[in-house]
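Work through the exercises below with the sequence and the model open. Try each task before reading its solution.

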Amino acid sequence: MARKKVVSRSEELSVDSTNSVNNVMIHVSYGECLKNLAAQVGGYALDGCREFLASQAEGTDGALICASCGCHRSFHRRVVESESSE
């Protein structure tokens, strides 16, 4: 059985304002699935997928598909955390 990988990204941004440089580290992870499975019948139901798990390795097409529920990563709640290091 192949290992599943939780997707989390880190980006570093540099902002230059009035001759000072601020480094901001942004950490992005994906939480529970918010896809409404009963939208076609006018209802509201979630599948209960608690966390995005990539079905394939990062950089492939399958990295955007959840191994647990089979939906695209965009249906999962995006959690953004930023830290500024001065």
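The exercises go from the overall fold to single residues and pairs.

The model is predicted: local features need pLDDT of at least 70, side-chain atom pairs count only at pLDDT 80 or more, and totals for chains, interfaces and linings use all residues. Residues are numbered from 1 along each chain as its sequence is written, and side-chain values use heavy atoms, with hydrogens and water left out.

**Exercise 1. State how many helices and strands the protein has, and give their order.**

Solution. Assign the elements as DSSP runs, numbered from the N terminus: helices are H or I with at least four residues, strands are E with at least two. Read from the N terminus, the order is β-β-β-β-β.

**Exercise 2. Classify the aromatic pair in the structure.**

Solution. Rings of Phe, Tyr and Trp (its six-membered ring) pair if their centres lie within 6.5 Å; planes under 30 degrees apart are stacked, over 60 edge-to-face, and the rest tilted. One pair is present. The ring centres of Tyr30 and Phe52 are 6.1 Å apart and the planes meet at 65°, so the pair is edge-to-face. Because Tyr30 lies in strand S3 (residues 20-33) and Phe52 in the loop between S3 and strand S4 (53-54), the pair ties together parts 22 residues apart in sequence. Tyr30 is buried at 9% relative accessible area, and Phe52 is buried at 1%.

**Exercise 3. Locate the salt bridge and say which parts it ties together.**

Solution. Look for a side-chain nitrogen of Lys or Arg within 4 Å of a carboxyl oxygen of Asp or Glu. The count is one. Arg77 and Glu32 form it, with 2.8 Å between the closest N and O atoms. Arg77 is in strand S5 and Glu32 in strand S3, so the bridge ties together parts 45 residues apart in sequence. Both ends are partly exposed: Arg77 has a relative accessible area of 36% and Glu32 one of 26%.

**Exercise 4. Is His76 buried or exposed, and which residues does it contact?**

Solution. His76 is in strand S5 (residues 76-85). Its relative accessibility is 4%, so His76 counts as buried. Contact means heavy atoms within 4.5 Å. Leaving aside neighbours within four places in sequence, the contacts of His76 include Cys33, Cys49, Cys66, Cys69 and Cys71. Tyr30 and Phe52 are also among them.

**Exercise 5. Describe where Ala67 lies and how far its C-alpha atom is from that of Leu53.**

Solution. Ala67 is in the loop between S4 and S5. With 33% relative accessibility, Ala67 counts as partly exposed. Ala67 and Leu53 are 14 residues apart along the chain, and their C-alpha atoms are separated by 5.5 Å.

Note on methods: Buried < 20%, exposed > 50% of the residue type's maximum accessible area, 1.4 Å probe, protein only.
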